[in-house]
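Student: Please take a close look at a single part of this model. I want one connected account, with the cut-offs stated.

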Amino acid sequence: MGPTHAMSGAALWLAGSAVADIAFGIDQSSAELVVGTIVAAGAALYPDIDCAGKVTENKGGSTVARSFGVASLFVAECVERLCYWFYLLTKSKKDKKRKNGHRTFTHTAVHAALVGTGTGFLAAQFGKPAVIAILFVLTGLAVRGLLAETVEKKGWVVTTGVALAASYGMYRFLPEGRDYWILGLAMGIGCFIHILGDMITKMGSPLFFPIPIQGRRWRDIGLPNKIALRAGGKEENRILLPVLTVLVVIGMLYNVPEVQHLIFDTSTGQGAAE
């Protein structure tokens with residue numbers, strides 16, 4: 001579901017930016033809008049860092065785990081084991097037995113809030129040096145998700161190179177004197193939309209951990225199996241992904257200043273005549 005997750009993060013950030021501008025007058029520069037969109041797209045893939053592969057063979061794992069080759073596979077292995085141990089420590093008697101930590105802690109609202117807050121704190125506290133590190137990682141994830149087939153063929157070297165060049169370029173264009181706490185918001189929103197995306201599949205996600213539901217702390221929340229989507233299935237690739245892609249394109253066009261001027265310009269043309 002890599003491309004779908006990435007597109008959903010980008011679409012939600014662009015839509016939210018439009019609403020924030022219209023309803024609250026919160027305006028973003030073009031550079032800030034691009035950065036926020038990329039961060040949200042990358043963050044919408046991040047929760048699957050708990051799905052490990054084979055580190056020594058550089059195979060398997062989630063889209064995120066393969067983003068930076070062996071390095072990210074090793075991180076995914078560590079996260080997956082930590083999540084599994086945490087699950088064993090916190091599960092109730094009614095929670096199901098598991099063999100791994102996939103779709104556990106990184107797929108909860110608590111984790112989305114924590115990682116969003118942490119990202120925002122780092123960006124606000126340490127400024128642009130922290131921003132470029134955050135952008136490097138999340139740009140790599142976004143590239144891996146949005147250009148899945150291309151990167152799959154070319155390997156992690158492309159992901160790393162594009163992430164390095166893009167993050168440095170965005171770093172140069174970002175204005176000085178800002179604390180960039182908004183990156184934390186983009187991170188939290190991206191993680192949350194990932195969870196919602198998994199909730200429409202047959203597995204679901206433990207969104208409300210640690211609140212017990214029917215005696216289970218890790219109760220997976222999702223759609224009934226009759227209407228739930230199969231990850232990577234026809235419904236996702238033929239319907240959901242194209243719809244999200246269209247929404248991203250609309251959002252990008254809407255946030256172009258010239259397009260907004262064309263839509264909201266209420267002048268009668270008298271000024272030009274005079």
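What is the relative accessible area of Lys96, and does that make the residue buried or partly exposed?

Tutor: Lys96 has a relative accessible area of 38% and is partly exposed. Here buried means under 20%, exposed over 50%, and partly exposed in between, with a 1.4 Å probe and protein chains only. Note the ground rules: this is a predicted model, local features need pLDDT of at least 70, side-chain atom pairs count only at pLDDT 80 or more, and totals for chains, interfaces and linings use all residues. Residues are numbered from 1 along each chain as its sequence is written, and side-chain values use heavy atoms, leaving out hydrogens and water.

Start with the partner. Lys96 forms a salt bridge with Asp220, and the closest N and O atoms are 3.1 Å apart. Such a bridge needs a side-chain nitrogen of Lys or Arg within 4 Å of a carboxyl oxygen of Asp or Glu. Lys96 sits in the loop between α3 and α4, Asp220 in the loop between α8 and α9, so the pair ties together parts 124 residues apart in sequence. Helices are DSSP runs of H or I with at least four residues, strands are runs of E with at least two, and both are numbered from the N terminus. Asp220 counts as buried, at 14% relative accessibility.

Now the other bridges. The total is four salt bridges. One of them pairs Asp95 with Arg216, the closest N and O atoms being 3.8 Å apart. This pair also links distant parts of the chain: Asp95 is in the loop between α3 (70-90) and α4 (109-126), Arg216 is in the loop between α8 (182-199) and α9 (234-254), and 121 residues separate them. Asp95 is buried, with a relative accessible area of 5%.

Asp198 and Arg103 form another, at 3.3 Å from N to O. Asp198 belongs to helix α8 and Arg103 to the loop between α3 and α4, so this pair ties together parts 95 residues apart in sequence. Asp198 is buried at 1%. Arg103 is buried at 7%.

Stay with Arg103. Leaving aside neighbours within four places in sequence, Arg103 is in contact with Asp50, Arg98, Asp198, Thr201, Met203, Gly204, Ser205 and Pro206. Contact means heavy atoms within 4.5 Å.

Next, the cavity. A cavity is a set of points, on a 1 Å grid over the protein atoms alone, where a 1.4 Å probe fits but cannot get out; its lining residues have an atom within 4 Å of a point. Points are joined across faces, edges and corners, and the volume is the space filled by probe spheres set on them. One cavity of 30 Å³ or more is counted.

Last, the whole chain. There are eleven helices and two strands. Of the 274 residues, 43% count as buried. Among contacts with a separation of 6 or more, 70% join residues 24 or more positions apart.

Methods: On a 1 Å grid over the protein atoms alone, a cavity is a set of points where a 1.4 Å probe fits but cannot get out, and a pocket is an open set with protein on both sides within 12 Å along at least five of seven lines; lining residues have an atom within 4 Å of a point.
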